[in-house]
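Work through the exercises below with the sequence and the structure at hand. Each task is followed by a solution in steps.

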Amino acid sequence: MDKNIDPRQQAIREVVKDFAEKDIHPVSQELDRASEPREFPKSLYEKLGAAGFIGMSLPKEFGGQGKSHLEYVTLIEELSYHDAAVGLLCAVGELAASSILRFGDDKQKKRYVPDCITGGKVVAFVLTESETGSDAAMLKTVAVDKGDHYLVSGEKIFIQHGDVADIGVVFCKMENQSEPSALIVDDTGQSGWQARTLKNKMGMRASTVGGIILKEVKVPKENVLGEPGRGASFAAEALDNARIVVAALSIGMAQRALDESAAYAKARHAFGQPIAKLQAIQWMIADMATRLAAGRAMVYDVARRQDAGEDYSIKGSMARLFTAETANFCVDRAMQIHAGYGYIGEFSPIEKLYRDQRALELYEGSSEVQQLVIADNVIGR
Ligand SMILES: Cc1cc2nc3c(=O)[nH]c(=O)nc-3n(C[C@H](O)[C@H](O)[C@H](O)COP(=O)(O)OP(=O)(O)OC[C@H]3O[C@@H](n4cnc5c(N)ncnc54)[C@H](O)[C@@H]3O)c2cc1C
């Protein structure tokens, strides 16, 4: 089945295949199964940066590759085919770095974006708080004006790479302002920035997640990102873009589940024939392939809209909703087809895929939040 709608995609797939053979497969199991406390895979992250995979669609002027969104989603899809947690490492770096690029001034862009893209510095998108997840505008982290700087205090949770971040794009409220703002914390070594790695993460384990307590973290005023009070719209725009990346992660995983299932069904015998000859198995494979084809078409359609500068917000939410559910469906069917050899991780990648997939329905807006956005668009408020 040809996946490409553009010849440039094949070149990306080949580059990723070479990278995966050399730099992902040898470490993938270890990164997934290492005992607690988990460590952020800095050397792999630097390799991803050196390969040009972090911020691939960002401008060359700031260290990116200047590639199209279509090529970028293909990159994430292919990385995720090999190991979704590795696709996520790139996606998180891109989300946070592109926020600086979108909303920062020239000085901020030049100062921070290139280091983030090379993987030299780890950057995190620091929005969620313990009491405000989906309802992010209600955040409580506060920045108190101290003349030439702010002192930022609050508590953040579920921050990907927040445990090791050198740079944080932090969302907070300025004292006496009701709307959120965003600022760049570039000194995470100061004593007020207290980060820890959250334990016992279900899947996507190579990409660690942090909880951060901010106690009067000093941030120079020049580090405010864009106009104060515009943080909610910045977050919404950044997450719009990130949704399509989650959709790309989803189709990569769904494709892997399908390929593993087809191969296994041909090899495994029951009642004197390969299980691939059984209609019950064929129907599962057909349903997986069909949903995957529909999801992939949605992802590429959104990427092309992004490349054409068209509005893609609602179609992005639809793609994120549908593909995360498709990935769920495909890994679940893959488990059914592999049966015992799927459930026990030493025999196949299905057990890992099953754990990795689940997060895709939770972040960059949960599936219910996507449904809310889509329904609002259809029905109106
Ligand atoms: C592995 C992982 C990585 C993450 N990485 C980051 C990160 O890098 N940076 C960051 O800032 N955040 C990150 N998050 C946070 C993530 O964005 C939130 O978990 C998500 O927004 C949901 O928030 P919550 O977990 O507090 O759930 P809640 O908002 O409490 O939701 C609980 C349930 O209620 C539903 N719900 C809530 N509101 C509505 C509504 N209006 N209508 C219908 N249903 C609703 C939700 O869909 C969900 O089912 C990460 C989360 C995870 C699990």
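**Exercise 1. State how the shell around the ligand divides by class, and where its residues come from.**

Step 1. The shell has eleven nonpolar, five polar and one charged residues. Here Ala, Val, Leu, Ile, Met, Phe, Trp, Tyr, Cys and Pro count as nonpolar, Asp, Glu, Lys and Arg as charged, and the others, Gly among them, as polar.

Step 2. The model is predicted: local features need pLDDT of at least 70, side-chain atom pairs count only at pLDDT 80 or more, and totals for chains, interfaces and linings use all residues. Residues are numbered from 1 along each chain as its sequence is written.

Step 3. In total, 17 residues surround the ligand, and the closest are Leu-127, Gly-133, Ser-134, Ser-366 and Glu-368.

Step 4. At least two shell residues each come from strand 1 (123-126), strand 3 (149-160) and helix 10 (367-379). Helices (H or I, at least four residues) and strands (E, at least two) are DSSP runs, numbered from the N terminus.

Step 5. Domain 2 (123-228) and domain 3 (232-379) each give at least three residues to the shell. Domain bounds come from an automatic or database domain assignment.

**Exercise 2. Describe how domain 1 meets domain 3.**

Step 1. Domain 1 spans 7-118 in the domain assignment.

Step 2. In the contact, 21 residues of domain 1 face 22 residues of domain 3; two residues are in contact if their C-beta atoms, placed from the backbone, lie within 7 Å.

Step 3. On the domain 1 side, helix 3 (residues 69-103) gives the most, with 19 residues.

Step 4. That side of domain 1 has eleven nonpolar, six polar and four charged residues.

**Exercise 3. Which word describes the angle between helix 1 and helix 3: parallel or perpendicular?**

Step 1. The axes of helix 1 (residues 7-33) and helix 3 come within 8 Å and cross at roughly 20°. Axes are lines fitted to C-alpha atoms, for helices over the stretch in contact, and angles run from 0 to 180 degrees between N-to-C directions.

Step 2. Helix 1 and helix 3 are therefore roughly parallel. Angles under 35 degrees count as roughly parallel, over 145 as roughly antiparallel, 65 to 115 as roughly perpendicular and the rest as oblique.

Step 3. The crossing of helix 1 and helix 3 is right-handed. A crossing is left-handed if the near helix is turned anticlockwise from the far one by less than a right angle, and right-handed if clockwise.

Step 4. Among the contact residues are Ile-12 and Val-16 of helix 1 and Leu-75 and Leu-79 of helix 3.

**Exercise 4. Describe the packing of helix 7 against helix 10.**

Step 1. Helix 7 (residues 313-338) and helix 10 pack at about 140°, with axes 9 Å apart. That angle makes helix 7 oblique to helix 10.

Step 2. The crossing of these two helices is left-handed.

Step 3. Met-318 and Leu-321 of helix 7 take part in the contact, as do Val-373 and Ile-374 of helix 10.

**Exercise 5. Locate a cis peptide bond and a residue with positive phi.**

Step 1. Most residues other than glycine have a negative phi, and most peptide bonds are trans.

Step 2. The bond from Glu-36 to Pro-37 is cis, with omega near -5°. Pro-37 sits in the loop between helix 1 and helix 2 (42-50).

Step 3. Phe-158, not a glycine, has a positive phi of about 60°. Phe-158 belongs to strand 3.

Methods: A residue is near a molecule or strand if its C-beta atom, placed from the backbone, lies within 6 Å of it.
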